[in-house]
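I opened my notebook to look up a few things in this model. Please keep the sequence and the 3D view at hand while reading.

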Amino acid sequence: MDSSTKRAAALGRQVRHIEKQLIVQRELADRLSLLRLLIFGIGGLASLAALAVSGVGLFFLISVPTLVGFGFAVRAHRRARHRSARLTIWRRIKLAQVARIDLYWEHIPAPPDVAPIPDHPFEIDLDITGTRSVHHLLDTAASAEGSARLKRWLLNTRPDRQTILDRQALVGELIPLPLFRDKLTLSARLSAHNLTDQWNGSKLLTWLNSKESAPIPQSLLMALCLLAAGNILSGLINLLTPIPPILRAILFAAYALLYIVHLKDIRDLFEDALMLQDALRSLGGVFQHLETYRYGNHSRLAELCAPFRDSQNRPSAQLRRVSGIVAAASLQGNMIVWLLLNALLPWDMLVAYRLTRAKGELQSLLPGWLEVWHELEALSSLANFAYLNPEQVFPEVTDSAPLFIGQQLGHPLIRREQKVCNDFTLDTLGEVIIITGSNMAGKSSFLRTLGVNLCLAYAGTTIDGRRLQTPLFRLFTCIKVADSVTEGFSYFYAEVRRLKALLMALEKMDDLPLFYLIDEIFRGTNNRERLIGSRSYIRALVGKRGTGIISTHDLELVRLADEMSLIHNYHFREDVVDGQMVFDYRLRPGPSPTTNALKIMALEGLPIETTE
C-alpha cells in the first residue's frame with residue numbers, strides 16, 4: 001500500500017468517525033427541538049391556568065421558571081445545530097480530500113465557471129482550468145479571490161525563481177498543518193450564507209469604499225457640544241437662580257437648528273453601522289482563527305499572518321469597537337429615548353463621528369487582512385495537494401545543467417492504478433525531441449505530463465514524480481487545437497496560427513528560454529504536405545533559445561536525427577496479446593518500430609487490403 005493509499009484510508013476513518021458524531025448531534029438537536037416545544041406549550045398552558053385560578057402570584061411562580069427553562073432549551077438547541085453544521089462541513093472537507101486522492105470528481109467542489117484566457121500559451125492544452133482540471137483538483141479555497149490567485153499561479157507565463165523558493169518554504173510549513181488549513185476552510189464555510197458558496201471579499205471592499213461618509217467636521221461637533229453643555233448648565237443654574245426663559249429658548253433653538261440642518265448627513269447611520277458589524281462578524285471566524293493560532297516555530301507562516309497579531313489593529317479589536325458603535329446607534333429604534341438623549345447631547349453626531357473614524361481605519365486595514373487570507377488559501381491549496389500525495393517531492397529550480405531531469409514523472413489527473421511514470425532528460429538548449437508511436441500509446445499524455453509538472457513546479461508545490469530538476473522556462477503548447485465556426489477557421493488554419501505563435505515566442509528576445517510541446521504536428525493536412533511542412537518547421541526550431549518535444553505519426557521524420565545532432569528520437573510501443581492491443585506506456589529511446597492503425601482497424605472488423 002503506497003503512502004497516498006494509506007492517507008486515503010486514514011481520511012476514510014476520520015469520515016466515519018465524523019458521521020457517527022453527526023448522527024448523535026442531529027438526534028440531540030431533534031430532542032432539544034421537541035423539548036423547546038413541550039416547555040413552551042406545557043409551561044404556557046400552566047401559567048395561563050394559574051393566572052385564571054390562583055391569580056398573579058402562582059402565575060409568576062410558574063411562568064418565570066418556564067421562561068428560564070425555555071431559554072436554556074433554545075440555547076442548547078442552537079449549540080447542537082451549530083455543532084451539526086460544523087460536522088457537516090468537516091465531513092465534506094474530508095470527503096473532498098479522499099476524492100482528490102482517488103480522483104472522484106463528483107465529490108470535489110466544482111471550480112468557478114470562468115472562461116479560459118484567450119490565446120493563453122498552455123491553459124487549455126494542459127487542462128489547467130475548468131472541470132476535471134489541475135485547478136479543480138488543487139483548489140480548496142473558500143474565497144473567490146483565493147481560488148483566482150491559485151489559478152494565476154498555475155497559469156503564470158513568467159516564473160520567478162525567488163518567488164518559487166519563497167512559496168515552497170511556506171507550503172513546506174503548511175504541509176504538516178492539516179488542522180490549521182482545514183479550520184481555515186471550516187471557518188469560512190460556516191460564515192457563508194450557503195455551505196458551498198465562495199466568499200467574495202472584493203464585494204465587501206467595494207461596499208466599504210462606496211459608502212464614503214462625509215466626515216463630521218470637528219468644528220461642528222465642538223459647537224454642538226458647547227451648545228449642549230450650555231443648555232445643561234443653564235438648566236442647572238435655573239434650579240438655583242431663575243434665568244430669563246428667552247435666553248434659554250434662544251440657546252436651545254440655536255442647538256436644535258444647527259443639529260437639524262446637519263441631521264441629513266447621518267440619516268443612514270444605524271444601517272451603515274449594522275452592515276459594518278455584520279461584515280466583520282461574517283469573517284470573524286476566519287480572522288479569529290488566524291489571530292489566536294499558536295504559530296510556534298513556523299516563522300514564515302507567522303510572518304505572513306503578522307497583520308492579525310497586531311495588538312492595536314487586530315480584527316477582534318475592530319469588531320469590539322464597531323459593536324460599541326452599533327449599540328450606541330441602535331438607540332434610534334426607541335424614539336422617546338432617542339429624542340430625549342439627542343435633546344441633551346449631539347448623540348447621533350458623536351456616534352457618526354466614531355463610525356466615520358472606524359470605517360476609515362477598516363478601509364486601510366481590511367485590504368491587508370483579506371490579502372493575507374487569500375494568499376493563505378492559495379498556499380493551503382498547494383500544501384493540501386502535497387499532503388494528500390506524500391510520495392511527491394518539491395522540484396529543484398536551478399540555473400545549472402543538465403537542463404531538465406525528470407524521474408518517474410506522472411500525471412496528477414490520471415488515477416494511481418492506471419498511471420505509468422517515466423524518466424526523461426534534456427541536456428541542451430536548442431534540442432528537439434521527436435516522439436513516435438502508435439495511436440493510444442501514450443504520446444499526448446506524456447507531453448501533458450511534462451507540461452503539468454512544470455506548472456506545478458513554477459506554482460510552488462510538489463510535482464508528481466520522484467525528482468524534477470529544471471531551470472525557468474516560458475511554456476508554450478500546441479496540443480488541443482480546435483477549429484472555429486464563428487471565426488471561420490478550419491482546424492488546419494487554427495493549427496498553423498498556433499504553430500506560428502509558438503515560433504514567434506521562440507524567436508522573441510527574452511531572458512527565459514521556451515519549453516514547447518507539440519502534439520501530432522500538422523495533423524490537419526495530407527501526408528505529403530504534412531511531411532514537408534513538419535521537416536521545415538522542426539529544422540526552424542533546432543538550435544534556437546528553447547527546447548521541446550514533438551509527437552508525430554510520421555516515421556519519416558525520425559530521419560532528421562541523422563541530419564542534425566540536436567534532434568533525438570524516442571518512442572512508445574504496443575503489443576497484440578490474445579487479439580487485444582496492449583500498451584505499457586513506457587518511453588523508450590529511438591524511433592518507433594511499429595504502428596497500430598491497421599491492427600486496430602482489423603481487430604474491430606474493418607476490411608483491410610493486404611499488399612505483397
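My entries on sheets, salt bridges, a surface patch and one serine follow.

**Ground rules**

I am working with a predicted model, where local features need pLDDT of at least 70 and side-chain atom pairs count only at pLDDT 80 or more, while totals for chains, interfaces and linings use all residues. I count residues from 1 along each chain as its sequence is written, and side-chain values use heavy atoms, with hydrogens and water left out.

**Entry 1**

I took helices (H or I, at least four residues) and strands (E, at least two) as DSSP runs, numbered from the N terminus. Two strands pair if DSSP finds at least two bridges between them. In general, strands of a sheet pair through backbone hydrogen bonds, either parallel or antiparallel.

I read off an open sheet of 6 strands in the order β6-β7-β8-β4-β9-β12, with mixed pairing. Which strands stand at the edges? They are β6 (474–478) and β12 (588–589). Each has a single partner strand, so one side of each is left without a neighbour in the sheet.

I then looked up the pairing of β12. Strand β9 (residues 567–572) pairs with β12 in the antiparallel sense, over 2 bridges. Here His571 stands opposite Arg588 in β12.

Helix α16 (residues 443–459) lies across β4 (432–437), β6, β7 (514–518), β8 (546–552) and β9. The helix runs at about 155° to β7. Axes are lines fitted to C-alpha atoms, for helices over the stretch in contact, and angles run from 0 to 180 degrees between N-to-C directions.

**Entry 2: the sheet of 4 strands**

I found another open sheet, with 4 strands in the order β1-β5-β2-β3 and mixed pairing. Its edge strands are β1 (396–397) and β3, each pairing on one side only. Helix α16 packs on this sheet, touching β2, β3 and β5. Its direction makes about 110° with that of β2. Contact means heavy atoms within 4.5 Å.

I went through the pairs:

- Strand β2 (residues 404–409) runs antiparallel to strand β3 (residues 422–426), joined by 4 bridges. Leu409 has Asn422 in β3 as its bridge partner.
- β2 also pairs with strand β5 (residues 467–470), in the antiparallel sense, over 3 bridges. Ile405 has Gln469 in β5 as its bridge partner.
- β1 and β5 run parallel, joined by 2 bridges. Glu396 stands opposite Gln469 in β5.

**Entry 3: salt bridges**

Side chains of opposite charge can pair when their charged atoms come close. I used this cut-off: a side-chain nitrogen of Lys or Arg within 4 Å of a carboxyl oxygen of Asp or Glu. How many salt bridges does the structure hold? I got 19.

Arg474 and Asp510 meet in one of them, at 3.7 Å from N to O. Arg474 lies in strand β6 and Asp510 in the loop between α17 (491–507) and β7, so the pair ties together parts that are 36 residues apart in sequence. Both Arg474 and Asp510 are buried. Buried means under 20% relative accessible area, exposed over 50%, and partly exposed in between (1.4 Å probe, protein chains only).

I also looked at Asp519 and Arg523, whose closest N and O atoms are 3.6 Å apart in a salt bridge. Asp519 counts as buried, at 5% relative accessibility. Arg523 counts as partly exposed, at 35%.

Arg588 turned up again here. Its side chain meets that of Asp584 in a salt bridge of 2.5 Å, N to O. Asp584 is partly exposed at 29%, and Arg588 is partly exposed at 23%. Elsewhere, salt bridges that share partners join Arg149, Glu371 and Glu375 into one network.

**Entry 4: a nonpolar patch**

I noted a nonpolar surface patch of about 560 Å², made by Leu51, Val56, Phe60, Val64, Val68 and Phe72. Patch residues have over 30% relative accessible area and no salt bridge; like charges are joined within 9 Å, and nonpolar side chains (Val, Leu, Ile, Met, Phe, Trp, Tyr) within 5 Å. Accessible areas come from the Shrake-Rupley method with a 1.4 Å probe, and for residues only the protein chains shown count as cover.

Helix α2 (residues 56–102) gives the most to this patch, with 5 residues. Phe60 is in helix α2, and it is partly exposed at 47%.

**Entry 5: Ser4**

Is Ser4 buried or exposed? Ser4 is buried, with a relative accessible area of 0%. I placed Ser4 in helix α1 (residues 3–53). Not counting residues up to four places away in sequence, Ser4 touches Ile101, Leu388, Asn389, Pro390, Glu391 and Arg416. Ser4 and Leu58 are 54 residues apart in sequence and 68 Å apart in space, C-alpha to C-alpha.
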